Structure formats: C-alpha cells, structure tokens
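Hi there,

Here is the model I promised to pass on to you. Please have a look at it first, and my notes follow below.

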Amino acid sequence: MREAKAKYDVFGVFAGHLERVRDLPKVLVVDDAMFMRTKASRLLTEEGYSVVEGSNGAEAVERYKSEKPDLVLMDITMPVQDGIEALKEIKAYDSDAKVIMVTALGQRSMVLEAIRAGARDFVVKPFQPDKLMEAVKKQCPSP
Ligand SMILES: [Mg+2]
C-alpha cells in the first residue's frame with residue numbers, strides 16, 4: 001500500500017512537471033553546429049523556454065510540423081537544406097510562423113532574402129546572449 005502511494009506521488013510530480021513543460025513557450029533551434037545549438041538551448045532553457053533542436057533545414061521543416069514551436073531560431077548555412085529554403089517551406093506551411101535567422105557576418109544578401117521570405121528578425125553569430133534573448137522575447141515573451 002505504501003509502495004503504491006509512493007508510485008502515485010512520483011507520478012503526480014512527474015505529471016506536474018510535464019504539465020509545466022507543456023505550458024512553456026517552445027523554441028525550435030536549428031543549426032548544423034552542435035555547439036551553437038547547445039549554447040542557444042542552454043540559454044533558452046535558463047530563461048524559461050522549452051527547446052527542440054534540428055541540425056539542418058529538412059529537419060527544421062519536419063520538426064516544425066511535428067512540434068509546432070512558438071518560435072524558430074534558424075541558421076542559414078546548413079547541409080541537406082539551407083535555412084532560407086527551410087524558412088520558405090515553413091512559411092508556406094504556416095504563414096504565421098515566427099522565424100529569427102541566426103546569421104554569420106557577410107550574409108547580408110541572404111538576410112535580406114530571408115526578411116523578404118517572412119523572417120521576423122535576425123541575430124548575428126557569434127551571438128551575445130542578451131542580444132539573442134532580446135530578439136527572442138520580442139517575438140515570444142517568456143512566461
Ligand atoms: Mg551553419
């Protein structure tokens with residue numbers, strides 16, 4: 001009996017945790033460089049967002065459809081499918097999609113193309129944590 005109650009308590013805590021995670025704004029972080037994803041994900045998690053990741057444009061489109069994130073942070077230069085193509089596919093699927101491009105220096109023409117394709121904003125890499133969070137919170141306030 002005591003054991004059953006303990007299990008119930010664990011489940012209750014677990015269910016409560018899931019409930020909270022489900023309520024957090026969700027950000028899809030897409031970059032082919034794992035250290036960039038890790039850096040952004042850690043920061044976003046600390047700031048109260050839940051995070052899912054993708055490592056190329058094709059994964060970004062797939063995860064966007066399955067995870068329905070509130071916001072996407074999208075690298076431009078990636079294998080399989082680049083960030084501009086992924087942005088266009090995501091906007092075709094959901095015209096309300098909020099996408100922030102995370103760009104390297106010297107990608108001005110691609111940034112302009114991304115803005116024309118519906119990107120909300122861009123942040124230059126290597127990003128300053130406060131600059132990234134400022135852009136994120138503008139599109140998707142933290143709880
Ligand atoms: Mg890249």
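This is a predicted model: local features need pLDDT of at least 70, side-chain atom pairs count only at pLDDT 80 or more; totals for chains, interfaces and linings use all residues.

Residues are numbered from 1 along each chain as its sequence is written.

Helices (H or I, at least four residues) and strands (E, at least two) are DSSP runs, numbered from the N terminus. Two strands are called paired if DSSP finds at least two bridges between them.

**The overall layout**

The chain holds six helices and five strands, and from the N terminus on they follow the order α-β-α-β-α-β-α-β-α-β-α. The five strands make an open sheet, ordered β2-β1-β3-β4-β5, with parallel pairing. At its edges are β2 (50–54) and β5 (121–124), each of which pairs on one side only. From one strand to the next, the twist averages 20 degrees; here, axes are lines fitted to C-alpha atoms (for helices over the stretch in contact), and angles run from 0 to 180 degrees between N-to-C directions.

**Strand β3 and its neighbours**

β3 (residues 71–75) and β4 (residues 99–103) run parallel and are joined by four bridges. Besides the pair I began with, D75 has V102 as its bridge partner in β4. The chain gets from β3 to β4 through α4, in a right-handed β-α-β crossover (right-handed if, with the strands pointing away from the viewer, the path from the first strand over the helix to the second runs clockwise). Four bridges also join β3 to β1, again in parallel, and L28 stands opposite V72.

How many residues of β3 are buried? Five of the five are, so the strand is largely enclosed by the rest of the structure. (A residue is buried if 20 or more other C-beta atoms lie within 10 Å of its own, exposed if 12 or fewer, and partly exposed in between, with C-beta atoms placed from the backbone.) L71, L73 and D75 point one way from β3, while V72 and M74 point the other way. Over the chain of 143 residues, 28% count as buried.

Together with helix α2 (residues 34–46), β1 and β2 make a right-handed β-α-β unit.

**Two helices on the sheet**

Helix α3 (residues 57–67) lies across β1 (26–30), β2 and β3, at about 170 degrees to β1. Helix α4 (residues 83–93) lies across β1, β3 and β4, at about 155 degrees to β3. The two helices pack at an angle of about 20 degrees, with their axes 8 Å apart. That makes α3 roughly parallel to α4, as angles under 35 degrees count as roughly parallel, over 145 as roughly antiparallel, 65 to 115 as roughly perpendicular and the rest as oblique.

Which residues meet there? G57, A60, V61, Y64 and K65 in α3 meet G83, E85, A86, E89, I90 and Y93 in α4. Contact here requires C-beta atoms, placed from the backbone, to lie within 7 Å.

Best wishes
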